[in-house]
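Here's a quick briefing to read with the model open beside you. Take it slowly and find each piece as you go.

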Amino acid sequence: MSTGIRISIVLSNTSVAELLAEQAEHETGVRSRAFRRAARAAFLWPEEALDLIDQNRSLTELRGVGPFIEKHIRDWIENPRRVETIPEIRRDFLSRAEARGLLAAQPAWTTKLRGDLQMHTRWSDGSGSVAEMADAAVKREYDYIAITDHSKALKIAGGIDEPALRRQGAEITKVNAALSKSGALLTVLRSIEMNLNPRGEGDMSPDCLLELDLVLGAFHSALRSTDDQTGRYLAALRNPFVHILGHPRGRIYNFRIGLKADWPRVFAEAARLGKALEIDCYPDRQDLNSDLLKLARNHGTYISLGTDAHHPWQMEFVDLGLAAALQATIPAERILNFMPVVELLRWSQGLREAGRPRR
């Protein structure tokens, strides 16, 4: 019995992505890499490839598509065939074109967005400065952003230690002062993407974490385990310094399926504690996905949206998370990014007070 998902004979960008990924498996060397890159890029295409063909436009307008790839896509669209299954490692990802369509049908949903709660700067593995990320957020008319550079244990991503985090905090203070002086309404929040070990423990000192507005905790190791990982999720949520659990499954498109857990139990515990799980909006991640978001909705769990942007332009990835939350009918009052900044900070401070040991 097949466990895959059938693709419609009318090829959307997500369907084209699957065909590209399949073709990559039949190629070698440079050609295989080109098809794999194009498959990933298909989720970022702002328009459906089919629409470009209908308008007599070249598919080379699309990211990752050259003449060779275009020839294959045109052939698939003009002579459509069914793809029998989508492997789990590539299943349940929204394309940007699909997300735009969902959001266009519910325009009021997008207007509720007030900010972005995961992004990286040159302090760790991003390419923009704090000021450059803030400028991009001002152009998007955000009320706030959280700077969540990686913590010290994640050396491969340039993780920062406590002294560096404090220096970054001083820079954020200066950026906020400059924003206020210019009349901008944006607030840059001090935060971090703290690396969690499989026991749910972080790698930063409590004193340093208490200086932050938000702490996003995330797993970056032992992500290919096939055993049930419910215990590590419960431990992470019970970590008194963690407000948001970032990219929970740790899945990456066509690279890693992600971890398994008793998700109803995880979402119920998050709801009990008043903590949030994240939709990482990065196209390769889209984690949480639609099925898990529906479980989160049923348990009344808070949801956070973070683009995981490493460049200012990547803030546009938020459409993928907004569309996923809309598709799963997450109530607006359970989405952190829809809160005014004062309410968001009241929420985070309340969690901090609740987690403080009693004397």
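This is a predicted model: local features need pLDDT of at least 70, side-chain atom pairs count only at pLDDT 80 or more; totals for chains, interfaces and linings use all residues.

Residues are numbered from 1 along each chain as its sequence is written, and side-chain values use heavy atoms, with hydrogens and water left out. Helices (H or I, at least four residues) and strands (E, at least two) are DSSP runs, numbered from the N terminus.

**The five-strand sheet**

- Let's start with an open sheet of 5 strands, in the order β4-β5-β6-β7-β8, with parallel pairing; two strands pair if DSSP finds at least two bridges between them.
- Its edge strands are β4 (193-196) and β8 (302-306), each pairing on one side only.
- Strand β7 (residues 276-280) pairs with β8 in the parallel sense over 5 bridges, and Glu278 has Ser304 in β8 as its bridge partner.
- Helix α10 (residues 230-238) packs on this sheet and touches β4, β5 (216-219), β6 (244-245) and β7, with its direction at about 160° to that of β5. Contact means heavy atoms within 4.5 Å, and angles run from 0 to 180 degrees between N-to-C directions, with axes being lines fitted to C-alpha atoms, for helices over the stretch in contact.
- Is β8 enclosed or open? 5 of the 5 residues of β8 are buried, so β8 is largely enclosed by the rest of the structure. Buried means under 20% relative accessible area, exposed means over 50%, and partly exposed lies in between (1.4 Å probe, protein chains only).
- Both faces of β8 are covered, with Tyr302, Ser304 and Gly306 on one side and Ile303 and Leu305 on the other.

**The three-strand sheet**

- Another open sheet has 3 strands in the order β1-β2-β3, and the pairing is parallel.
- Here the edge strands are β1 (115-116) and β3 (187-190).
- β1 and strand β2 (residues 144-147) pair over 2 bridges, and Tyr144 in β2 is the bridge partner of Gly115.
- Helix α7 (residues 130-139) packs on the sheet, touching β2 and β3, and its direction makes about 150° with that of β2.
- Helix α8 (residues 162-182) touches β2 and β3 too, and its direction makes about 165° with that of β3.

**Two helix pairs**

- The axes of helix α1 (residues 13-26) and helix α4 (residues 67-78) come within 11 Å and cross at roughly 125°. That makes α1 oblique to α4; angles under 35 degrees count as roughly parallel, over 145 as roughly antiparallel, 65 to 115 as roughly perpendicular and the rest as oblique.
- Val16, Leu19, Leu20 and Gln23 in α1 meet Ile69, His72, Ile73 and Trp76 in α4.
- Helix α5 (residues 96-105) and helix α13 (residues 318-327) pack at an angle of about 55°, with their axes 9 Å apart, so they're oblique to each other.
- Residues of α5 in this contact include Arg96 and Glu98, and those of α13 include Asp319 and Leu320.

- You'll find Arg40 in helix α2 (residues 29-41), where Arg40 is partly exposed, with a relative accessible area of 41%.
- Arg40 touches Tyr253 and Asp284, not counting residues up to four places away in sequence.
- The C-alpha atoms of Arg40 and Gly64 are separated by 8.5 Å, and the two residues are 24 residues apart along the chain.
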